[in-house]
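Walk through this model from its aromatic rings to its disulfides, then out to the chain as a whole. Keep the 3D view open as you read.

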Amino acid sequence: MTLRHLVFAALFPLTALTPSALAASDLGETSDTAQAVRAQRDTDPQRRLVIGGECASCDFSGSNLAGAHLYRGDFANADFSGAQLLGARFANMRLDGADFSDASMREVRLSNVTMSGAILTGANMTDMRAHQVMLQGANARDVQMNGASLVQVALQGSNLREADFSTATIRSGDMRAADLSEARLTNVVMQHIIMHRANLRDASMEGAFLDHVDLTGARLAGANLAGARFRAVNLTGVDLSDVDGLTPELLAQACGDASTRLPDFLIITLSACDEPVAGTGPVDERAFIAEAEARRLAQLEAAQEAFANALASVQSRAMAAGGLEREAMEHAREALREAARAQAELARARAHTGWQFEIRRSEVGEPVQFWLEDAQRPSTPPAPPSPPSPPARSERPDRR
């Protein structure tokens, strides 16, 4: 396992990630044989814990990371099984092959995350919000996603058997060859989804709304569509002979071909599907990556500006306190700004390399080291100057 550039930042006091727990997790070790990161088990929720960097195959199983922000890192094959992740946020991350089995992930937020081959069996992802998430080949059997919102998701070949999508909303997705057999899709809203060869055997789809969904070659034997609504649904090559809840009104908004089979009691003819259903093309991964990179560079520039502002603020306080000579401070400021600009250019040139900004004590001079150490101390306003002592009153004779 390789462990590099792992960063923990807490904006409020923590109880689970104490110094002793961090020492036990061998965070300081950077060799290829570094031990897995293990947070101390705890029942108290974490507040505003921020984790980023590279931590492939790290172990967070059973950890309490409720409300944590995991941002811009490589956590491929990490173990989050049984973890408490209530309200956690994952952004701009690689989580391919990560294990989230039986994790509590209610109200979790996923944005620009790749989770190909991830394990989500038995995870509770109720009310999840996911945007631009790649879940190809994921094992999410019996996952709970009721009330979830998924936008621009890729679920090709995923195992969603017995999953609960009740009242969920799925928009702009690719679910080709996904296994949704025995899934609960009651009152689900599915818009602009491609579901070629998807397995929906025995799925509960009562009250579902399918809008611009391409079900070409899908299997729906035993599915229940009572109260469902269709709009521009492609049923080419689908066998509907054993599907419950079909009505002429429902199928009036669908199309098919000669290979589409209807129940014997429905004597209707489906309109032909002359063209693929509009808006259901497969996810363009190149556009997906380009958009994510543009967003990452914008965040980089914003972070660079925030860094410069913070540096100017520290400089102002240091000058007021007389801690540094003006010339030395100006040189330090310009050098650090130049380093930040160079790192930004490097990030633009290497689109798939995470941006890291480090200051090593051995690489900076004594004036800058002094400034760094001083900046880490709690800032206290300078003591007001003492008022001048009043002049001693001279003894004067009493003229009365």
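Start inside. Phe60 and Phe80 are both buried. The model is a predicted one. The rings of Phe60 and Phe80 form a stacked pair. Their centres are 5.1 Å apart, with 10° between the planes. That angle falls under 30 degrees, so the pair counts as stacked. Where do Phe60 and Phe80 lie? Phe60 is in the loop between strand 2 (49-55) and strand 3 (69-74). Phe80 is in the loop between strand 3 and strand 4 (89-94). The pair therefore ties together parts that are 20 residues apart in sequence.

Phe80 has another ring partner, Phe90. Here the geometry is edge-to-face: 6.1 Å centre to centre and 80° between the planes. An angle over 60 degrees puts a pair in that class. Phe90 belongs to strand 4, while Phe80 sits in the loop between strand 3 and strand 4, so this pair ties together parts 10 residues apart in sequence. Both Phe80 and Phe90 are buried.

Now widen the view. How many aromatic pairs does a search of the whole structure find? It finds 5. Ring pairs link Phe60, Phe75, Phe80, Phe90 and Phe100 into a cluster. Another phenylalanine, Phe209, meets a charge: the charged end of Arg229 sits over its ring, 4.5 Å from the centre.

Turn to the sulfur atoms. A disulfide is a covalent bond between the sulfur atoms of two cysteines. A search of the whole structure finds 2 disulfides. One joins Cys55 to Cys58, with an S to S distance of 1.7 Å. Which hand does the disulfide of Cys55 and Cys58 have? The torsion about its S-S bond is about -105°, so the disulfide is left-handed. Cys55 is buried, at a relative accessible area of 0%. Cys58 is buried as well, with a value of 0%.

Cys255 and Cys273 make a disulfide too, their sulfur atoms 1.8 Å apart. The torsion about the S-S bond of Cys255 and Cys273 is about 105°, so this disulfide is right-handed. Cys255 lies in strand 13 (residues 254-256). Cys273 lies in the loop between strand 14 (271-272) and helix 3 (285-321). The pair therefore ties together parts that are 18 residues apart in sequence. Is Cys255 buried or exposed? Its relative accessibility is 13%, so Cys255 counts as buried. Number the bonded cysteines in sequence order and the pairing reads 1-2, 3-4.

Both cysteines of that bridge touch Thr236. Thr236 is found in the loop between strand 12 (233-234) and helix 2 (248-251). Its relative accessible area is 18%, and the cut-off for buried is under 20%, so Thr236 is buried. What else does Thr236 touch, leaving out residues up to four places away in sequence? Its contacts include Leu215, Thr216 and Gly217. Gly256, Asp257, Ser259 and Thr260 are also among them.

Finally, step back to the whole chain. The chain has 5 helices and 14 strands. Of its 400 residues, 40% are buried. Take the contacts between residues at least 6 apart in sequence: 19% of these join residues at least 24 apart. The chain exposes about 20,800 Å². Carbon and sulfur atoms supply 50% of that area.

Terms used
Residues are numbered from 1 along each chain as its sequence is written. This is a predicted model: local features need pLDDT of at least 70, side-chain atom pairs count only at pLDDT 80 or more; totals for chains, interfaces and linings use all residues. Side-chain values use heavy atoms; hydrogens and water are left out. Rings of Phe, Tyr and Trp (its six-membered ring) pair if their centres lie within 6.5 Å; planes under 30 degrees apart count as stacked, over 60 as edge-to-face and the rest as tilted. Helices (H or I, at least four residues) and strands (E, at least two) are DSSP runs, numbered from the N terminus. Buried means under 20% relative accessible area, exposed over 50%, partly exposed in between (1.4 Å probe, protein chains only). A charge sits over a ring if NZ of Lys or CZ of Arg is within 6 Å of the ring centre and within 35 degrees of the ring normal. Contact means heavy atoms within 4.5 Å. Accessible areas come from the Shrake-Rupley method with a 1.4 Å probe; for residues, only the protein chains shown count as cover. A disulfide is a pair of cysteine sulfur atoms within 2.5 Å.
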